[in-house]
Amino acid sequence: MTSLYETVSPPPGDDVPTNRINLTVNGQLRTMDVEPRLLLVHLLRQGLTLTGTHTGCDTSNCGACTVLFDGRPAKSCTMLAVQADGHSVQTVEGMATSSELDPIQEGFKEEHGLQCGYCTPGMMLAAKALLERNPNPTEDDVRWALSGNLCRCTGYQNIVKAVLWAADKMRAQQN
Amino acid sequence: MALDELKIGGMGASRRRVEDNRFIRGKGRYVDDVVLPGMLHMEILRSPVAHARIKSIDTSAAWEVPGVRLVLTGETMAARNLAWMPTLSYDTQAVLATDKVRFQGQEVAAVIADDPYVAKDACSKIVVEYEQLPVIVNPIQAQDPASPLIRDDKANQTSNKVFDWEIGDQAATDAAFAQADVISEVDLHYPRSHPSPLEPCGSIADYDRSTGKLTVYMTTQAPHIVRAAVAMVAELPEQMIRIISPDLGGGFGNKVPIYPGYVISILASILTERPVKWIEDRTGNLISTGFGRDVYLKGQLALRKDGRILGMRMHTVSDHGAFYADAQPTKFKIGLMHSTFACYDIPAAHLVSEGWYTNKAPGGVAYRCSFRVTEAMFFQERMIQNAAYDLGMDQAEFRRINLVKDDMFPYRTAFGFLTDSGQYQKCLDLGLEAIGYSTFKQEQEEARKRGKLLGIGISTMTEPLGAGNSREYDIIGIKMFDSAELRVHMTGKAILRTGAKTQGQGHETTWAQIVAHELGIPAEDITVEEGDTDTAPFGMGTYASRSTPVAGAAVAMVSRKIRAKARKIAAHLLEVSEEDIEWELGRFYVRGNNERGVTIQDCALAAYSNVPDGLEPGLENNAYYDPPNLTWPFAAYICKVEVDPETGVWDVLKFVAVDDCGVRINPMIVEGQIMGGLTEAYAMASMQYITFDEEGNCIGANFMDYLLPTAWETPGYELYEVVTPCPHHPIGAKGIGECATVGGPAAFVNAVVDALQHTGVRNIDMPMMPNRVYQALTTGKNVSGMPPVLAG
């Protein structure tokens, strides 16, 4: 049975193939039977109710569905759930602990790096991947790293400031 | 002691946003995030062709797909009188096509199934037989009397014309042209553009037969208008309809119209007695939901040698697609196009507009603009720049001569608008200084030696934001006022609800700041809610930059009503007469004795525990605000570009934005709106290209082909502020959300044309892709963006 089926629905017919997959989502190991055609974004959103990952374009252009796949940003709208078998996925829901925000989350709020909030989870995760490999980015580094993610509201200037704010804070924490 | 307003998050505080707390945690609640028990999923089958008669629809194979619960076609809709629906501009629109399809992407059938994948599978099994008809893809074709009639469903429709409309004094304008030393002419196209909020449209309809109540979660900027329309279309009593617009992933005017998908999901829920979710995919959004712009202009200015504009003529031809479905105030068929040239002192003007049906998706939505003012101001500023060239006059000086001067307010424009305040010259001068205008010529010379072309583009404009007043502005007869309701609890905390609907503008943050300003209740003690028609007071929603001018004013007015009642309670608590009570932020005190006072929180507690005789208990109220006039913000946007003559690529070297939107409630949010708006302006000027081939196929039906700027291409902006308070708004604020999108495009285009001016080029239609710029440079001729079918 795919994770998309509601409990009220009848189970899928015998002719619907399913695959068993094991993946780690936000640090938790999950085992599920899914249809091979199920998109990763739908597994996350409907199957695991992690609705912070959004879909905006279906063609991997907008980046609203960006998650970290083994630590690297990936567009979950154009990946199959079965491709995540044996891998680890981090979503926006895994960024903060119960008591503490990630500095990137703080930076987005502090620098007004979001308006409607729809692109924000993907933006923040793309930024997280950047700061993990480059803790001291220039403005151009940030703009390039986020160029797979579209925002229609902010004009990006404050998003860039938010990421630089987070980089500053993370470096200060390291020292 | 009075409170420090900035410390309590009042007016002028760059208060960090309340709504961010959920968005940064991925806890926003957009329509697609809502899951209801037993929910079914709907998919729409769309027409692959632009104009065709439907010969047959065979849904039998779709019904056989396991998990399918319902298949709907135009025939099923028609049996319930729902095949057509009224639009917000007194036209009709097909919900599911019965007779013909009239644009590519039109809704033809819908499948409702247990699972969205199954619904898609079943859609692909529906067989539709089309008999293709000749296609009209632009108004020039539509004007041909021999062209096929698109709207043959309408009884009295004999041509493809939607409307004729005109305003102004033709005789006076003709006289002005007769006296002109120079007549400057412009001929251009403001192309179709799609607003493309990152979240597409969608709805979840949930009809409960046991109560008769219909609840619809919907991506709408105007939930109360939708409720009224649903009451009309579905013939359900209004109290039994609850529209909930949860978090919206952007709107930009795209989420104002009422789309067939919403209506189909409602009928599907009524028929299945289950919640039905419909979430549009991106291609569906791009090919079927409200476009903006698509207007052709012939513009003329009558000029005197000394630089004075004597008269202005405009003739616009607009492409509305197959259904006139955008929301426009009833009296104004081409929106507020006649606000054009409002910042200039022009004695005579005449505007003629005609609208045409074509085989394209419904167009004309106010894409981040106040009813066509984006086109109005773009035309204005392109005409102004070319007039300066034609006179051989400096473009800044030409503006200076013709701008309305500070001592001329209130100023009545040639088309009858009343602009009430502004410091236009000051804004322009500030911008010119910031861009380095005085040394630009020299800079330009030096760049030419390096083989680069520099240009400066100026765009100065005032625009009418915040409709109504209700005497002149309505949507389908509903007057354009707005509302707020404030309940102060006994602990002095409060909940505020308004008839507006935030989509990223930050109302949850800024409305609380207005209450804090009026009552001294800390902003963090005030919860703001919008978007639920069962709880929010009736309002017209958020578009046309009307939130702060109208709903924001209502927030101030309801706060004042609360303060007036609290004053009576304060007099009772302080045992003096009301006339002896003075107010300072957050507290009342006895005149002449500042020490003897009570706080607003003391009054709130007393409203529920110690009410004076003769006074109603409680501390809550509402306000409906009908603005006396529109608000008129002013902007000077100045852009410096460098064009590479070998490739036609242009780069923004510097962009300066001077905005006067009156008093700023939250400067951080205002600046965010300006930067976002400028980016949409840049997008339209540079790359947002969505067009149609001669068969009506949409070119740009996904984000691989319809280019939106990323962080990499988007320039940086320098922002400056001038404050001229609005004389009639209770807190002196003017609209700002759309100024940059409205005024911005002309700054970019004017800059590129300025860089090419020496070659004789006077116009490049948007988007100014490098190939167009290169073509202009190499031919020395204007580049028209007319669709290819017209070029031959």
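1. A word on conventions before the details. This is a predicted model, in which local features need pLDDT of at least 70 and side-chain atom pairs count only at pLDDT 80 or more, while totals for chains, interfaces and linings use all residues. Residues are numbered from 1 along each chain as its sequence is written, and chains are lettered from A and ligands numbered from 1 in the order in which they are written.

2. Start with chain B, where an open sheet of 3 strands runs in the order 6-2-8 with antiparallel pairing. (Strands are DSSP runs of E, at least two residues, and helices are runs of H or I, at least four, numbered from the N terminus; two strands pair if DSSP finds at least two bridges between them.) Strand 6 (100–101) and strand 8 (127–132) of chain B are the edges, each pairing on one side only. Strand 2 (residues 52–58) of chain B is joined to strand 6 of chain B by 2 bridges, and Ala52(B) has Val101(B) as its bridge partner.

3. Chain B also has an open antiparallel sheet of 3 strands in the order 26-27-28. Strand 26 (581–584) and strand 28 (593–599) of chain B each have a single partner strand, so one side of each lacks a neighbour in the sheet. Neighbouring strands here are turned by 40° against each other on average, direction ignored. Between strand 27 (residues 587–590) and strand 28 of chain B there are 4 bridges, and Phe588(B) stands opposite Val598(B).

4. Now the helix pair in chain A. Helix 2 (residues 103–110) and helix 5 (residues 157–174) of chain A pack at about 135°, with axes 8 Å apart (axes are lines fitted to C-alpha atoms over the stretch in contact, and angles run from 0 to 180 degrees between N-to-C directions). Residues making the contact (C-beta atoms, placed from the backbone, within 7 Å) include Phe108(A) of helix 2 and Trp165(A) of helix 5 of chain A.

5. Lys426(B) sits in helix 12 (residues 424–435) of chain B. Its C-alpha lies 24 Å from that of Gly392(B), 34 residues away in sequence.

Terms used
Contact = placed C-beta atoms within 7 Å.
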